[in-house]
Amino acid sequence: VQLPASGGGLVQAGGSLRLSCVASGSTWRMGWYRQAPGAQRELVAVITGDGMANYSDSVKGRFIISRDNAKNTVYLQMNSLKPEDTAVYYCNARNTYFVNSWGQGTLVTVSS
């Protein structure tokens with residue numbers, strides 16, 4: 001499954017960005033992970049095909065994940081961004097056999 005993503009960039013603290021990612025094949029669950037310099041990759045938010053979403057505690061109330069099943073696209077609306085949100089964000093897709101696919105990553109930089 002190919003997962004081209006878009007929407008990263010530079011934003012000031014308190015600003016917003018929206019990431020999007022299109023899957024080339026069928027998926028069960030899609031979402032976003034991130035990896036900051038020197039840190040491990042961590043889950044940000046994921047959503048299943050029937051709309052069940054799960055968020056990390058660090059982004060709850062600020063980020064919203066959504067999905068358009070007809071377009072095989074997942075979105076991440078990021079609001080009230082903080083400098084600690086700075087990371088490379090990776091799109092993830094998991095099929096019903098729990099096989100993961102990863103996008104190439106898109107850089108989000110939040111300046112203070």
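Q: What is the bridge partner of Cys-21 in β8?
A: Val-74 is the bridge partner of Cys-21 there. Keep in mind that this is a predicted model.

Q: How many bridges join β3 to β8, and which way do they run?
A: There are six bridges between β3 and β8, and the two strands run antiparallel.

Q: What sheet do they sit in, and in what order are the strands?
A: It is an open sheet of four strands, ordered β1-β3-β8-β7, with antiparallel pairing.

Q: Which strands stand at the edges?
A: β1 (5–6) and β7 do. Each has a single partner strand, so one side of each lacks a neighbour in the sheet.

Q: Switching to the core. Which residues touch the most other members?
A: The largest nonpolar core has 25 residues, and Trp-32, Leu-76, Met-78 and Tyr-89 touch the most other members. Strands that each supply at least two residues of this core include β3 (17–22), β4 (29–35) and β8 (73–78). The largest share, four residues, comes from β9.

Q: What is Met-78 in contact with, leaving aside its neighbours within four places in sequence?
A: Its contacts include Leu-17, Leu-19, Phe-63, Tyr-89 and Val-108. Arg-62 and Ser-16 are also among them.

Q: How many aromatic pairs does a search of the whole structure find?
A: Two. Trp-28 and Phe-98 form a tilted pair, 5.4 Å centre to centre with 50 degrees between the planes. Trp-28 is in the loop between β3 and β4 and Phe-98 in the loop between β9 and β10 (100–102), so the pair ties together parts 70 residues apart in sequence.

Q: Is Phe-98 buried or exposed?
A: Phe-98 counts as exposed, at 54% relative accessibility. Trp-28 is partly exposed, with a relative accessible area of 32%.

Q: And what do Tyr-33 and Trp-102 form?
A: An edge-to-face aromatic pair, 5.0 Å centre to centre and 75 degrees between the planes. Tyr-33 lies in strand β4 and Trp-102 in strand β10, so this pair links parts 69 residues apart in sequence. Tyr-33 counts as buried at 13% relative accessibility, while Trp-102 is partly exposed at 37%.

Q: Which ring faces does Arg-41 lie over?
A: Arg-41 lies over the face of Tyr-90, 3.7 Å from the ring centre. Arg-41 also lies over the face of Trp-102, at 4.7 Å from the ring centre.

Q: Backbone next. What is the phi of Asn-72?
A: Positive, about 50 degrees, although Asn-72 is not a glycine. Most residues other than glycine have a negative phi. Asn-72 is in the loop between β7 and β8 and is buried, with a relative accessible area of 19%.

Q: Where does Ser-80 lie?
A: In the loop between β8 and β9. Ser-80 has a positive phi near 50 degrees, and is partly exposed at 41% relative accessible area.

Notes:
Residues are numbered from 1 along each chain as its sequence is written. This is a predicted model: local features need pLDDT of at least 70, side-chain atom pairs count only at pLDDT 80 or more; totals for chains, interfaces and linings use all residues. Side-chain values use heavy atoms; hydrogens and water are left out. A nonpolar core is a set of buried Ala, Val, Leu, Ile, Met, Phe, Trp, Tyr and Cys residues joined through side-chain atoms within 4.5 Å. Buried means under 20% relative accessible area, exposed over 50%, partly exposed in between (1.4 Å probe, protein chains only). Contact means heavy atoms within 4.5 Å. Two strands pair if DSSP finds at least two bridges between them. Rings of Phe, Tyr and Trp (its six-membered ring) pair if their centres lie within 6.5 Å; planes under 30 degrees apart count as stacked, over 60 as edge-to-face and the rest as tilted. A charge sits over a ring if NZ of Lys or CZ of Arg is within 6 Å of the ring centre and within 35 degrees of the ring normal.
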